[in-house]
Amino acid sequence: MAIGWYLVVSALIFVIGAAGVLTRRNPLVILLCLELMLNAANLALVAFARLHGNADGQIFALIIMVVAACEVTVGLGLIVAMYRRKLPIDVDELNELNG
Amino acid sequence: MSAVFFFLAAIGALAGAIGVVMLRNPFYSVLSLVFHLISLAALFLLLRAEFVAAAQVVVYAGAVMVLYVFVVAYVGGGEELPSGGGLRILGPLFALVLAIELCIAMLGSALKGISGKGAPYVPGFGSPRQIGTLFLTKYLFPFEVASLLLLVAAIGAVVLARRRRGLEPDEEFETALHKPVSRRVGSMAESVGARRDS
């Protein structure tokens, strides 16, 4: 398959993730949608690595996976802390910093 | 043949992504993301990124998703109300505009290589051997920084999610500590059961 097809799939996954971040209210699902966007970037990087026959893009993809794992641990820690303090698990109601 | 596999994997990945966004129950969203990640690993295999595909399945679909499932089970993901007002309409609209723009940017660009199948395949491309060599020579510094980042994230998660609250005193513990007790409590006379009230 031509590389362009992979890029189109990557763009669609990114857009779906962005739409999810904008429309959902549960922080858990928002984290999942962030994962979707990071994975779309991964797919584009691996596709370009194939295009150039150069494995550097795959290294980038692996580093992105590390960063995503860190983001998940900290994000889930925040959600557990919110739950412990009996705060609502809803990003629309957590607006104390909203002035 | 590879075209068939590509379309199967691409449809699976897109369906998984739509499932993550559309399903109301967070638990089903997580399961949908697992499906999406496995389909994406198949796409990586088609792109000859064997090690990345294996890492995707083992680390992402395995470890990270188990973490998600635990937290969803702990927090108890209930049904959420639909987002109200402007974002409900503006969000998908923004996504549509972004999709059109990205497709124009990628397919309308003058990059000639995009319509080809990529560079000729050399044996060993994307193998663990090549990735490991690159990580320990050319990309040694990012590799070490990534390990440091993982350590920082692990410590941060422990600090954030620990049981005792940050700087506020734990009232239950404090009152139990200063509760007046009889002098005999905890003494040897009490443990042998000597009953002498004083």
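Is B:Ile155 buried, partly exposed or exposed, and what is its relative accessible area? I found B:Ile155 partly exposed, with a relative accessible area of 49%; buried means under 20%, exposed over 50% and partly exposed in between, with a 1.4 Å probe and protein chains only.

**Ground rules.** I am working with a predicted model, where local features need pLDDT of at least 70 and side-chain atom pairs count only at pLDDT 80 or more, while totals for chains, interfaces and linings use all residues. Residues are numbered from 1 along each chain as its sequence is written, chains are lettered from A and ligands numbered from 1 in the order in which they are written, and side-chain values use heavy atoms, with hydrogens and water left out.

**Around B:Ile155.** I placed B:Ile155 in helix 6 of chain B, residues 140-160 (helices are DSSP runs of H or I with at least four residues, strands are runs of E with at least two, and both are numbered from the N terminus). B:Ile155 also belongs to a nonpolar surface patch with B:Leu148, B:Leu151, B:Val152 and B:Val159, and together they have about 470 Å² of accessible area. For such a patch, nonpolar side chains (Val, Leu, Ile, Met, Phe, Trp, Tyr) with over 30% relative accessible area and no salt bridge are joined within 5 Å.

**Chain B overall.** I counted eight helices and zero strands in chain B. Of its 198 residues, 28% count as buried. The accessible surface of chain B is about 13400 Å², and carbon and sulfur atoms hold 71% of that (Shrake-Rupley method, 1.4 Å probe; for residues, only the protein chains shown count as cover).

**Where A meets B.** Next I looked up the interface: 69 residues of chain A are in contact with 83 residues of chain B, contact being heavy atoms within 4.5 Å. The two chains bury about 7100 Å² between them, 76% of it from carbon and sulfur atoms; this is the accessible area (1.4 Å probe) that two parts lose on being put together, summed over both. A:Met1, A:Arg50 and A:Arg84 supply 11% of what chain A buries against chain B, more than any other three residues.

**Salt bridge check.** The rule gave me one salt bridge across this interface, a side-chain nitrogen of Lys or Arg within 4 Å of a carboxyl oxygen of Asp or Glu. A:Asp56 pairs with B:Lys138 in a salt bridge, with the closest N and O atoms 2.8 Å apart. On the side of chain A that touches chain B, helix 3 of chain A gives the largest share, 24 residues.

Note on methods
Patch = residues over 30% accessible without salt bridge, like charges linked within 9 Å, V, L, I, M, F, W, Y side chains within 5 Å.
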